[in-house]
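Hi everyone, thanks for coming. Please take a moment to look at the protein on the screen, and then we'll walk through it together.

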Amino acid sequence: MRNASNENRRRNPWKIAFISLIGLLVLLVAGMLLAVSLSSSASNTVDKQSTNSSQPISATINKAQLNQLSNYYLDRVQKGSTTKYHFEVADEGIVYGSIELLGSKVDYSLTFDPKVMSNGNIELHANKLALGKFPVPISFVLMYVKQNYKLPKWVQLIPKEKTIKLDIIHMNGDKGINYRARTISMKGQGKFAFDILLPQADKEN
């Protein structure tokens with residue numbers, strides 16, 4: 001009985017780490033889209049107020065701006081937290097930081113390539129997942145998370161393809177702010193262009 005209990009204690013932190021890492025990636029993407037919304041120019045805000053509410057607002061930023069926004073966003077949401085994580089865009093996207101496992105701090109990292117789908121949604125292809133110095137099978141982790149973790153409806157995991165599909169067009173429902181990706185380029189200075197889809201105003205009878 002003691003051996004089984006010890007084995008469960010050894011396994012559970014790793015399972016929690018896997019789930020947390022995928023969930024973290026999803027939250028980061030949601031946070032980055034929020035940051036893109038907040039980064040739209042004041043003139044766009046004026047236009048939004050003076051035109052039909054269904055008219056999209058365009059926002060375009062580069063790598064440096066995205067990384068700056070991510071740092072600002074993460075500093076705010078992690079204020080007072082002992083666990084810190086980071087998000088950075090270079091030649092690929094990377095989420096990294098450290099977590100406590102079995103009484104010790106272990107570094108983790110997840111790298112991925114984003115892609116714009118034909119309908120304006122986003123597909124993330126996971127390239128490498130590591131805890132400490134050890135690579136972790138991505139397909140196995142995605143399958144485990146898919147079977148054991150309740151993700152938002154706008155998130156779809158495809159373990160065999162090592163991909164995460166994000167339905168950002170319907171991310172916040174019919175009455176919320178949604179997004180449509182137009183360009184995601186990791187080359188050079190980078191280019192990240194989105195349409196911010198505003199909800200349609202209720203018609204008065």
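Let's begin with Arg 180, which is partly exposed, with a relative accessible area of 30%. To place that word: buried means under 20% relative accessible area, exposed means over 50%, and partly exposed is in between, using a 1.4 Å probe and protein chains only. Before going on, please keep in mind that this is a predicted model, where local features need pLDDT of at least 70, side-chain atom pairs count only at pLDDT 80 or more, and totals for chains, interfaces and linings use all residues. Residues are numbered from 1 along each chain as its sequence is written, and side-chain values use heavy atoms, with hydrogens and water left out.

So which residue does Arg 180 meet in a salt bridge? The partner is Asp 195, at 3.1 Å from N to O. A salt bridge here is a side-chain nitrogen of Lys or Arg within 4 Å of a carboxyl oxygen of Asp or Glu. In general, side chains of opposite charge can pair when their charged atoms come close. Arg 180 sits in strand E9 (residues 178–185) and Asp 195 in strand E10 (residues 191–197), so this pair ties together parts that are 15 residues apart in sequence. Asp 195 counts as buried, at 7% relative accessibility.

Now look at Arg 182, which also forms a salt bridge with Asp 195, and here the closest N and O atoms are 2.9 Å apart. Arg 182 is partly exposed, with a relative accessible area of 38%.

How many salt bridges does a search of the whole structure find? There are 3. One of them joins the side chains of Lys 165 and Glu 123, at 4.0 Å from N to O. Lys 165 is in strand E8 (residues 163–166) and Glu 123 in strand E5 (residues 122–131), so the pair ties together parts that are 42 residues apart in sequence. Lys 165 is partly exposed at 23% relative accessibility, whereas Glu 123 is buried at 15%.

On to the rings. The whole structure has 1 aromatic pair. Phe 87 and Phe 112 are stacked, at 6.3 Å centre to centre with 20° between the planes. For this label, rings of Phe, Tyr and Trp (its six-membered ring) pair if their centres lie within 6.5 Å; planes under 30 degrees apart count as stacked, over 60 as edge-to-face and the rest as tilted. Phe 87 lies in strand E2 (residues 85–89) and Phe 112 in strand E4 (residues 104–116), 25 residues apart. Phe 87 is buried at 8% relative accessibility, and Phe 112 is buried too, at 4%.

Finally, let's zoom out. The protein has 4 helices and 10 strands, which are DSSP runs numbered from the N terminus (helices are H or I, at least four residues; strands are E, at least two). Of the 205 residues, 42% are buried.
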